[in-house]
Amino acid sequence: MADNSKKALWAAAPFAFIIVLAAVLFFWGKGVYNTLVVQDEKVKSAWSQVENQYHRRLQLIPNLVETVRGYAAHERESLEAVINARANAGKTVIDPQLLDQLSLQQFQSAQRELGSSLSRLMVVMEQYPELKANENFTMLQAQLESTENRIAVERKRFNDIAQEYNTSLRSFPTNMLAGLLGFKPRPYFAAESGAERAPSVKFTGSGK
């Protein structure tokens, strides 16, 4: 009778092993999935903060343009360059779910052109001391400078969070499961020479 019991236990052993292995794999897979979900949501949240700061810059520009126009309406080329660049940047919106290297490059390109047009406009405005002394203009100038600093901070934060997420994707054994679960690497803001610098919004002798 005892021998029969032993045989039954040995016969059941492979099935028990399979059940235990399946349970281990399930809970491991669940842990990997939940961790990647949390990290991916952090990337999306960080991206939203980046967009918020760029959007804040877009909101400041119409008032800036109108203030400049009041003192230098004949600087039409510089003003139109800013207006057109703002319109293009405003159309370049990325769904966080579709954030990849190509879409981020397009976003950066549009924002870089806007930053460059603002810088050129500010250089032109150096020729207008009355404008530089205008209270509304100096206030917009300060807000724009503050926004550019916030953009730089949020871009770095996004890169740091994206790097943490991407490192998890590439780490063994998570990398064996991440692709099957639909998780893809996130792009970084590129540190290009002269790209995404804050527009030159400080004036000498501006009275600040």
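Start by selecting Pro-173, which sits in the loop between α5 and α6 (174-178). Helices here are DSSP runs (H or I, at least four residues), numbered from the N terminus. Most peptide bonds are trans.

A quick word on what you're looking at. This is a predicted model, where local features need pLDDT of at least 70 and side-chain atom pairs count only at pLDDT 80 or more, while totals for chains, interfaces and linings use all residues. Residues are numbered from 1 along each chain as its sequence is written, and side-chain values use heavy atoms, with hydrogens and water left out.

Next, colour helix α2 (residues 76-91) and helix α3 (residues 101-125). Their axes (lines fitted to C-alpha atoms over the stretch in contact, with angles from 0 to 180 degrees between N-to-C directions) are 9 Å apart, at an angle of about 160 degrees. That makes α2 roughly antiparallel to α3 (an angle over 145 degrees). Show side chains for the contact (heavy atoms within 4.5 Å): on α2, pick out Ser-78, Leu-79 and Arg-86, among others, and on α3, residues including Gln-111, Leu-114 and Val-124. This contact of α2 with α3 has 10 nonpolar, four polar and two charged residues. Nonpolar covers Ala, Val, Leu, Ile, Met, Phe, Trp, Tyr, Cys and Pro; charged covers Asp, Glu, Lys and Arg; the others, Gly among them, are polar.

To see the contact, select Gln-108, Leu-118, Met-122 and Met-125 of α3 with Phe-137, Leu-144 and Arg-155 of α5. By class, that gives five nonpolar, one polar and one charged residues.

Last stop: select Gln-97, Gly-182, Phe-183, Lys-184 and Arg-186, which lie nearest the centre of the largest pocket. The lining of this pocket has 13 residues, divided into six nonpolar, two polar and five charged. On a 1 Å grid over the protein atoms alone, a pocket is an open set of points where a 1.4 Å probe fits, with protein on both sides within 12 Å along at least five of seven lines, and lining residues have an atom within 4 Å of a point.

Technical notes: Helices (H or I, at least four residues) and strands (E, at least two) are DSSP runs, numbered from the N terminus. Angles under 35 degrees count as roughly parallel, over 145 as roughly antiparallel, 65 to 115 as roughly perpendicular and the rest as oblique.
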